[in-house]
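Okay, thanks for making time, everyone. Let me put the structure up and then walk you through a few spots.

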Amino acid sequence: MDFEQIKQYWEQRAAADTSTQSTTQDYYLREVEVRALLDAIAKHRPRGVMDVGCGDAWTTIRLASAFPDIEFLGGDYSSSMLRNAEANLAATKLQNVRIESCDITRPMHGRDLDLLYTTRCLINLPSWELQRGAIENIRGALSSGGIYVMIENFIEGHENFNQLREAFGLPPIPVRSHNLFFERSRLFEYIKPRFEVIDETNISSTYYLVSRIIYAKICQDKAMQPDYFDDHHRYASALPFCGEYGPVRMLCLRKK
């Protein structure tokens with residue numbers, strides 16, 4: 001898919017689904033991401049936070065509820081997602097959240113952010129050139145020494161869990177056509193002159209071992225259809241982070 005096709009995919013998806021699964025069917029993966037972000041924000045205590053590619057703002061709202069003294073801004077390029085985000089925000093009493101249109105492929109002028117995060121946003125850009133440009137735009141929006149919390153998918157962890165699935169007699173899970181996963185070595189070569197890497201964690205490994213290997217094998221053996229709301233997912237989302245068997249990594253980067 002090209003850039004406009006991917007954007008249209010999200011427009012259509014958000015228009016058809018206003019639930020908490022509008023940005024991913026895997027509800028508890030979002031719980032894992034929220035856990036990681038709560039810790040990062042508590043550690044760095046920024047004055048303001050921006051969620052780039054906020055989608056329906058479900059994550060933004062969760063974090064803003066936990067930190068009422070911090071100003072949150074959610075931005076997305078999909079008008080349908082923004083409508084869902086505004087509706088979700090209107091259902092709360094939060095006063096520390098704003099929602100606005102934002103295209104990460106364009107510079108974000110006038111920002112001076114202490115902390116900015118993305119959750120599976122940059123993987124929706126269909127080329128490494130666009131991803132690099134987005135990272136430059138993020139860097140430009142940060143204050144001196146500002147923090148970028150990058151929660152994105154990496155091909156190495158994806159391949160690791162697929163190799164394990166094969167060992168358990170499970171079929172591989174392909175990368176979706178609208179996604180371009182990062183290659184860790186190429187990304188690090190690019191970011192090291194621009195950011196200090198202060199933390200790196202595979203936040204999906206334990207979760208994927210339980211949900212994509214153990215639970216998937218149980219479903220295969222019992223001829224059951226997997227359910228994203230099964231208790232295996234719920235309990236797995238609370239496990240400690242360890243291993244390299246999932247695609248989603250969190251990098252905490254400080255602007256140089």
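This is a predicted model: local features need pLDDT of at least 70, side-chain atom pairs count only at pLDDT 80 or more; totals for chains, interfaces and linings use all residues.

With that, take R254, which counts as partly exposed because its relative accessibility is 29%. Its partner is E196, and the two form a salt bridge with the closest N and O atoms 3.4 Å apart. That pair links distant parts of the chain, with E196 in strand 6 and R254 in strand 7, 58 residues apart. E196 is partly exposed too, at 37%. There's also a network here: R184, E200, E244 and R249 are joined by salt bridges that share partners.

How many salt bridges are there? The count comes to 16. Another one of them is D114 with R47, at 2.7 Å, N to O. D114 sits in strand 4 and R47 in the loop between helix 2 and strand 1, 67 residues apart. Buried or exposed, what's D114? Buried, at 18%, while R47 is exposed at 61%.

Now over to T60, in helix 3. T60 is buried, with a relative accessible area of 0%. Among the residues it touches are D51, F72, V97 and Y117.

Last stop, helix packing. Helix 1 and helix 4 pack at about 35°, axes 7 Å apart. Helix 1 brings W10, E11, A14 and A15, and helix 4 brings S79, S80, M81 and N84. By class, that's 4 nonpolar, 3 polar and 1 charged.

Definitions and conventions: Residues are numbered from 1 along each chain as its sequence is written. Side-chain values use heavy atoms; hydrogens and water are left out. Axes are lines fitted to C-alpha atoms, for helices over the stretch in contact, and angles run from 0 to 180 degrees between N-to-C directions. Helices (H or I, at least four residues) and strands (E, at least two) are DSSP runs, numbered from the N terminus. Contact means heavy atoms within 4.5 Å. Ala, Val, Leu, Ile, Met, Phe, Trp, Tyr, Cys and Pro count as nonpolar, Asp, Glu, Lys and Arg as charged, and the others, Gly among them, as polar. Buried means under 20% relative accessible area, exposed over 50%, partly exposed in between (1.4 Å probe, protein chains only). A salt bridge is a side-chain nitrogen of Lys or Arg within 4 Å of a carboxyl oxygen of Asp or Glu. Lists of a residue's contacts leave out its neighbours within four places in sequence.
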